[in-house]
Amino acid sequence: MNRCLACHQMYFDQPGWLRIFMLGKSSNICQMCESKLISISGKRCVTCSRSLDGLRSYYVKGEQCLDCWRWEQSGVRGFEKNVSIYEYNSFLKEWLSTYKFRGDAIVATFFAEKLEMLYHTHFSGYVPVALPLSSKRLQARGFNQSKLLMQNWAEGADILHRREGEKQSKKNRKQRVSQITHSPFSLKVGATVRNQNFVLIDDIYTTGTTVRQAASILTRNGARNVSSLTVAR
């Protein structure tokens, strides 16, 4: 029996030939919890991975969602695309909150393996960069949730610094978007980024403000392309 990383209940692995011959890994979560994770499928926004299926035509601009189309119209440059695994539903919201804000760091092991596969599919050759926390927030939390999402598959480049500021989770969409020209990020002294491709690793893509702020710093210092790879959209 195993203990589910999401609901913490004991469960048995589902039988199958791979499990019988010990070739398949346990998913680390029970079947009930796994069924609540909704993979992004169908037609996606080519920029942010948002599912376009089911959206009203007003919110779709060609191959993009309205948000990404507005980003382009605003003149914000330096960001290539985001790739996410899951839709950000109520189940995933609660689970990621448990991971980040209640110290359940082992949850990262479930997502790290999936992010590794997406990295090799979409961003092979890009340098992974975990979005940093401010020193105060890192001390309070005890770990960087983005860094743990890279465990066992990437060391990552430690090139960005983040100054203190109000939590993004405390802000609404308008407040987040308005911050695009006031980046909390800066390049660390001695960091080399010129002519390199980078992929930013984080847990959630919400409005895209955070990854664009980081991307802007990198491209202004000579990075060729900057994208992001996240658990949820």
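**Close-up 1. Buried residues of helix α9 in the predicted model.** T209, T210, V211, R212, Q213, A214, A215, S216, I217 and L218 are the buried residues of α9, in a structure that is a predicted model. The helix is accordingly mostly covered, with 10 of its 12 residues buried. Helix α9 runs over residues 209-220 and reaches 16 Å from its first C-alpha to its last, close to the 16 Å expected at 1.5 Å a residue. After α9 comes G222, whose phi is positive, near 105°.

**Close-up 2. The largest nonpolar core and its most connected members.** This core holds 37 residues, of which L92, W95, F111 and L229 touch the most other members. At least two residues of the core are supplied by each of β5 (82-86), α4 (90-101), α5 (108-122), β9 (197-204) and β10 (225-232), and the largest share, 7 residues, comes from α5. When residues up to four places away in sequence are not counted, L92 touches L37, Y86, E87, F111, V231 and A232. A second core of 22 residues is separate, and C68, I159, L160 and L218 are among its members.

**Close-up 3. The salt bridge between K100 and D203.** K100 forms a salt bridge with D203, and the closest N and O atoms of the pair are 2.9 Å apart. Distant parts of the chain are linked in this way, since K100 belongs to helix α4 and D203 to strand β9, 103 residues apart. Both partners are covered, K100 being buried and D203 likewise buried. In the structure as a whole, the count of salt bridges comes to 4.

**Close-up 4. The salt bridge between D158 and K188.** In this pair, D158 forms a salt bridge with K188, with 2.8 Å between the closest N and O atoms. D158 lies in the loop between α7 (145-148) and β7 (160-162), whereas K188 lies in the loop between β8 (185-187) and β9, so the pair ties together parts that are 30 residues apart in sequence. D158 is exposed because its relative accessible area is 59%, over the 50% cut-off, while K188, with a relative accessible area of 31%, is partly exposed.

**Close-up 5. The salt bridge between K147 and E155.** K147 forms a salt bridge with E155, the closest N and O atoms of these two residues lying 4.0 Å apart. K147 counts as partly exposed because its relative accessibility is 36%, whereas E155, at 64% relative accessibility, counts as exposed.

Conventions:
Residues are numbered from 1 along each chain as its sequence is written. This is a predicted model: local features need pLDDT of at least 70, side-chain atom pairs count only at pLDDT 80 or more; totals for chains, interfaces and linings use all residues. Side-chain values use heavy atoms; hydrogens and water are left out. A nonpolar core is a set of buried Ala, Val, Leu, Ile, Met, Phe, Trp, Tyr and Cys residues joined through side-chain atoms within 4.5 Å. Buried means under 20% relative accessible area, exposed over 50%, partly exposed in between (1.4 Å probe, protein chains only). Helices (H or I, at least four residues) and strands (E, at least two) are DSSP runs, numbered from the N terminus. Contact means heavy atoms within 4.5 Å. The expected span of a helix is 1.5 Å times one less than its number of residues. A salt bridge is a side-chain nitrogen of Lys or Arg within 4 Å of a carboxyl oxygen of Asp or Glu.
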